[in-house]
Each structure stands twice: as structure tokens, then as C-alpha cells.
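Me: I would like to go through this model with a few questions, taking two residues and the elements around them in turn.

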Amino acid sequence: MSEVEIEYCVPCGYLNRAIDTAEVLLSTFGADLDRVSLVTGDAGVFQVRVDGETVFDKESDDYDVDEISRSVRSAL
């Protein structure tokens with residue numbers, strides 16, 4: 001079982017984006033995941049990590065929940 005962390009910028013208002021991403025990942029990979037956690041951050045952060053490895057970073061990737069899902073699938 002894997003753990004997914006979604007770190008999101010609170011001041012930027014990324015909470016809804018983080019929740020939407022978590023819902024997609026849970027509905028797609030729920031049986032393969034031990035945990036999906038939301039981690040508060042700042043400075044524009046929006047990262048998704050699987051077992052500590054970053055699979056998505058807003059700094060280098062455009063937000064696309066389907067692409068994030070594919071990246072998580074590859075990491076599982």
C-alpha cells in the first residue's frame with residue numbers, strides 16, 4: 001500500500017484543487033492506497049508525492065488532474 005501527500009498553498013486558495021485531486025486519486029486507486037493526506041503549505045506550492053517521491057510539482061508542470069493521476073499510477 002502506498003501513501004499520497006498533496007501539499008497545497010493555503011493563501012493561494014488551492015484547497016479546492018487539492019480536494020478535487022484527492023477525490024480523483026481515491027476513486028481511481030483507493031484499493032491501492034493506504035492514505036491520501038492534504039498538507040498545508042504556502043509560497044504557491046502544489047505538489048503531489050507518492051511514498052515521499054514527488055510525482056507532480058506546479059512549478060514545473062501545468063495542473064491537470066488526469067496527468068497527475070497518470071503520474072501516480074506510474075509510481076504505484
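Me: Is Thr21 buried or exposed?
Reply: This is a predicted model, in which local features need pLDDT of at least 70, side-chain atom pairs count only at pLDDT 80 or more, and totals for chains, interfaces and linings use all residues. Residues are numbered from 1 along each chain as its sequence is written, and side-chain values use heavy atoms, with hydrogens and water left out. Buried means under 20% relative accessible area, exposed over 50% and partly exposed in between, with a 1.4 Å probe and protein chains only. Because its relative accessibility is 0%, Thr21 counts as buried.

Me: Which residues does Thr21 touch, not counting those up to four places away in sequence?
Reply: Thr21 is found in helix α1, residues 15-29, where helices (H or I, at least four residues) and strands (E, at least two) are DSSP runs numbered from the N terminus. With contact meaning heavy atoms within 4.5 Å, Thr21 touches Ile6, Phe46, Val48, Tyr63, Val65 and Ile68.

Me: Does Thr40 count as buried or exposed?
Reply: Thr40 lies in strand β2, residues 33-41, and is in contact with Glu7, Tyr8 and Val10, leaving aside its neighbours within four places in sequence. Since its relative accessibility is 53%, Thr40 counts as exposed.

Me: In which sense do β1 and β2 pair?
Reply: Two strands pair if DSSP finds at least two bridges between them, and the bridge partner of Cys9 in β2 is Gly41. Over eight bridges, strand β1 (residues 2-9) and β2 pair in a sense that is parallel.
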